[in-house]
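Good morning, and thank you for making time.

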Amino acid sequence: MKKLHLILTVVCFILLTGCGSDDNASPKSKINGIWEAYLYIENNQEYSMETEEWVLEFKTNGTLVDINKGRSRVGTYEVDEDVLTINLQDRSYTYRILQLESQKLKLDQMNGRQWAYKRIQ
């Protein structure tokens, strides 16, 4: 009986601790890091961005660095549920977060344009 109780305790412990993941992390904490665009989608047409330089760095303090074709801009960002708002010096952008995983980010600008990013750091 003691052996059965010990086995059940160990199994419960493994199940409870082994199920933890980043799925419960907030979108803001999951988006932190450096992302490189690799795919642009407009009106269901896919375009490779492998030859373009488009990098977004989301910092933990809410600031953002946007590097596009050698041009660097600094701004801020906010994440509210599945909506990402980016505020740069010249304008603001609002995106719906379609996918946010450890290595993949897909954003929809809600105008027929989408971007797919891969985490590079």
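A residue is called buried under 20% relative accessible area, exposed over 50% and partly exposed in between, using a 1.4 Å probe and protein chains only. By that criterion Y40 is buried, at 17% relative accessibility. The model is a predicted one, in which local features need pLDDT of at least 70 and side-chain atom pairs count only at pLDDT 80 or more, while totals for chains, interfaces and linings use all residues. Residues are numbered from 1 along each chain as its sequence is written, and side-chain values use heavy atoms, with hydrogens and water left out.

Let me begin with the aromatic rings. Rings of Phe, Tyr and Trp (for Trp, the six-membered ring) pair if their centres lie within 6.5 Å; planes under 30 degrees apart are stacked, over 60 edge-to-face, and the rest tilted. The whole structure contains six such pairs. One of them joins Y40 and W115, a tilted pair with 5.2 Å centre to centre and 50° between the planes. Strands here are DSSP runs (E, at least two residues), numbered from the N terminus. Y40 belongs to strand β1 (residues 33–42) and W115 to strand β9 (residues 113–119), so this pair ties together parts 75 residues apart in sequence. W115 is likewise buried, with a relative accessible area of 8%.

W115 also pairs with W54: the ring centres are 6.1 Å apart and the planes at 50°, so this pair too is tilted. Since W54 lies in strand β3 (residues 54–58), the pair ties β3 to β9 across 61 residues of sequence. Which residues form the aromatic cluster? They are Y40, Y47, W54, Y93, Y95 and W115.

I turn now to the core. A nonpolar core is a set of buried Ala, Val, Leu, Ile, Met, Phe, Trp, Tyr and Cys residues joined through side-chain atoms within 4.5 Å. The largest has 22 residues, and those with the most contacts inside it include F58, Y77 and L105. Strand β7 (92–100) is among the strands that each supply at least two residues, and β7 gives the most, with four.

Finally, the arginine. R119 lies in strand β9. A polar atom of the R119 side chain is 2.6 Å from the backbone oxygen of N32, and a polar atom of that side chain is 2.6 Å from the backbone oxygen of S102.

Note on methods:
A polar contact is a pair of N or O atoms within 3.5 Å; within protein, one must be able to donate a hydrogen and the other to accept it, and residues adjacent in sequence count only if both atoms are side-chain atoms.
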